[in-house]
Amino acid sequence: MNSASTVLTGLASLSSKQLVNRLVRATSPQIPSLTMARCTGLGLPLAAIIKGDASRAPGLYRGIFELAGCRAVLAGTSIFELPDARPAAFDDALNGFGWLHDLHAGNTQLYRIFARGIVAEWLELKVYKSTSARRPQTLATRLINWIQCAPFLLQGASRSFEASFMNSLTRQTRLLARRGVNHFIPTNRLMSAIAMVYATFGTTGLESLQKTALCRLSHELDQQILADGGHVSRNGQTLLDLLVLLVPLREALNKALIEIPGPFNAAIERMLPMLRFLSHNDGGLAVFNGVSRTSAGRIKAVLERDQIHGRPLTIAPLTGYCRIAHGRASIIMDTGMPPAPGRNANATCSPLAFELCDGPHRIVVNCGSRQGADAQWQAASRRTSAHSTLTLGEIDTSTVIDNFFTSRLFDTPALITDGHADAEVRSEDHGSIISARHTAYARTFGLVHERQLFLDSNGADLRGEDRLLPDAPVADAELDPAFAIRFHLHPSVKATLSRDGACVMLLLPNKVGWRFSARGGRLSLETSIYLPDSKSARPTQQIVISGVAGRPDRVLWAFKRMKTAAKPRPQEALCEPELPLNAG
């Protein structure tokens, strides 16, 4: 592990950076006082790009709320006064009012009256004073959802409800202007800036603030969307969530002939190709740095609105990912280090981890994250061993610090590392190669991890090489540390280890078979879990190559698609991979 002095030095450096960032934010466009401005009615239509699920509306009407992986059933009480303690994620989702879209999708008078009753109940019980309801992220989300669903809620509503609704929108907008747009967490700040634009254009009465709100949003996008199109959180799900709000907003402003600032447009045009970059051939997100939903349907809805169709790169050096794709296969690899504390609550220790997808089916994955997971699950999914990469001595590539100090300073755990990562991608006639390395283990073990991946031009042959190379000597370094190279498999993949332990046969749901083989370590098949797209952890398997560093100096492995599905034979001849990689 990193020494205590290294950790303290890292935290001190990060703290000073945060102070500098606060000074920089002080020069950004500020929202004027809202003391005299009030929401008086509905303004520009700002419909949601992602429609609700009408099939969930009957359950909501019966008092069944399934939010953030939790389920609550009403029994003669208010959803806001349930006697049992609920996870914070449930309260955040409840107070964010995203479930209103499901009732809106039902589009009946019965659901409209029910939705108005819940909103009125929320106002009457003064739930807006609760800690959850006042969190900047929840506040911004609720403001956007209320404005998007306002035509549904207000149709046929009484004057008293409409007055209460508009008064609440005014109070929430004022609170967001005070607490959200200057919040320390970048994502909260950007969400708040988006919500302010929704509020000033989606209602009447705040027209005087529209220009400043647009300037503030453009400033935040310029600061947080990197030159390669990624978000500073390195989380593809965050990028998608932002585009789900920004794309329809831009369309509405263009339709109303409202001039859009250049940085606003430029940011979206960078983000759309990056969304394609972080999506596998099955249409869903790669599972890195806290992704809890692969969201293929949402990605499709966003990309259908793309007018330019910018081609994604093969390498995103600032966001820290590489991507190669041939035939039906796609590979996405993490070639960066964890983002700075405060930028991603679910950041992971996963340099050089990768995922493999064959058409609509994923083969190699990372364990990922689960929406609403408790602290123990979050801590487990953050570890290097939860990813398809190499670990040394079962030690993470970053030191994770999660205590009162980091909570107060960053609102998230701090991942501290002395290492760095770099990568390159090159294409040849017979395929593409990713060459990457990271130095996160250099201080602890004096070793650098290098990984090369080759995907042939048909997308049927993936070959890899992992090497541990000596760096500067470390006085107290463990001699000959044990390594483990993990390949977590998607739950839909059936894996069988051959009797001689030389290879693993993989069967996909469409009956397509792949064969995995390795040379340079002991091959085994172990249990694993997969967290995304589920209310609970889904059991699965992982292929593990284990051995001792330096004996031998490299590990070779390969995934090869079989022409026909086949069962493993007792003795598989010539299972060892031969890689078309430079052995130097």
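Buried denotes a relative accessible area under 20%, exposed over 50%, and partly exposed in between (1.4 Å probe, protein chains only). The model is predicted: local features need pLDDT of at least 70, side-chain atom pairs count only at pLDDT 80 or more, and totals for chains, interfaces and linings use all residues. Residues are numbered from 1 along each chain as its sequence is written, and side-chain values use heavy atoms, with hydrogens and water left out.

**View A. Cysteines Cys349 and Cys503.** Cys349 counts as buried because its relative accessibility is 0%. Cys503 likewise counts as buried at 0% relative accessibility. The structure holds zero disulfides, a disulfide being a pair of cysteine sulfur atoms within 2.5 Å.

**View B. Helix 11, residues 236-255.** Helices (H or I, at least four residues) and strands (E, at least two) are DSSP runs numbered from the N terminus. At the helix start, a side-chain oxygen of Asn235 comes within 2.7 Å of the backbone nitrogen of Gln237. Just after helix 11, Leu257 adopts a positive phi of about 60°.

View C. Val448 belongs to strand 15 (residues 447-456) and counts as buried at 1% relative accessibility. Beyond neighbours within four places in sequence, Val448 is in contact (heavy atoms within 4.5 Å) with residues including Arg437, Thr439, Leu468 and Asp471. The C-alpha atoms of Val448 and Ala472, 24 residues apart along the chain, are separated by 9.7 Å.

Key. The expected span of a helix is 1.5 Å times one less than its number of residues. A polar contact is a pair of N or O atoms within 3.5 Å; within protein, one must be able to donate a hydrogen and the other to accept it, and residues adjacent in sequence count only if both atoms are side-chain atoms.
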